[in-house]
Amino acid sequence: MEEKSFVIWGRNPIIEALRSGKSLEKILVAHDSHPPKELVKLAEKNKVKIQKVPRKKVEDIAGTKKTQGVAALVSPVEYLEENSLIDKITETGGVILVMDHITDPQNVGNMIRTAEVLGVDGIVIPRERSSPINETVIKASTGAVFYLPISKVGSLRQFLNKFKKKGGWVVSVEKGGKPIQKISFPFPLAVVLGSEGKGVSKSVLETSDLIATIPMKGKVTSLNVSSATAIALWEVAKQRWIEN
């Protein structure tokens, strides 16, 4: 369920929000409604996704029937443009945490919190199939979302290829790779963690320079993604700043 506190509705308020450059997570349009051309054009220009949903969903999220068939989820954070994030990380030899389609807001919040604590310099999330940055994420992150630059990108693969062209390295945390404690990490570095069901996307694995695997001894052979993130980022942090 989406959070209600960051919602605007009605055609003109959403057009004005888009004009002002406000960060919107997505725009929900009722199936039986036709949004103004200007709204659609501005959404495309600002790279905000438009999702067609039943009218009842639009009204439920807005908490009113006076929506004119359209509601938008306003992001509580300002997203950093992806090229700016790449420049920032490559110039400082930093670390980015890349969330490959993590849809559970609790996990997203926990991962951002861990990243902030362990000195990660930025977060990348895909525009599609990813939890919006909402109240649950903010709460789970204990406010860490406000301290880390976050970029929302159309294609993780394209983002990572751009990052590599600027001198960055990509490590994906996935089964079947090198034990994570035996890897000497290169910087600047993007650390990728995939969704619990599917793992890291095939296209992202193909882009990776390294596959890091967390050794497991128990009968249960998988970790919650936020736990895996903590282990991976701790290994990176040790090499980057804890033991130096």
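User: Before we look at pairs, what counts as a helix here?

Analyst: Helices (H or I, at least four residues) and strands (E, at least two) are DSSP runs, numbered from the N terminus. This is a predicted model, where local features need pLDDT of at least 70, side-chain atom pairs count only at pLDDT 80 or more, and totals for chains, interfaces and linings use all residues. Residues are numbered from 1 along each chain as its sequence is written, and side-chain values use heavy atoms, with hydrogens and water left out.

User: Thanks! How many salt bridges does the structure hold?

Analyst: Side chains of opposite charge can pair when their charged atoms come close. A salt bridge is a side-chain nitrogen of Lys or Arg within 4 Å of a carboxyl oxygen of Asp or Glu. The structure holds 14 of them. One joins Lys-56 to Asp-60, with the closest N and O atoms 2.9 Å apart. Both residues sit in helix H3 (residues 55-62), four residues apart, about one turn of the helix.

User: Is Lys-56 buried or exposed?

Analyst: Buried means under 20% relative accessible area, exposed over 50%, and partly exposed in between (1.4 Å probe, protein chains only). Lys-56 has 56% relative accessibility, so Lys-56 counts as exposed. Asp-60, at 35%, counts as partly exposed.

User: Which parts does the pair of Asp-121 and Arg-240 tie together?

Analyst: Their side chains meet in a salt bridge (2.9 Å, N to O). Asp-121 lies in the loop between helix H5 (105-117) and strand E6 (122-126) and Arg-240 in helix H9 (residues 225-242), so the pair ties together parts that are 119 residues apart in sequence.
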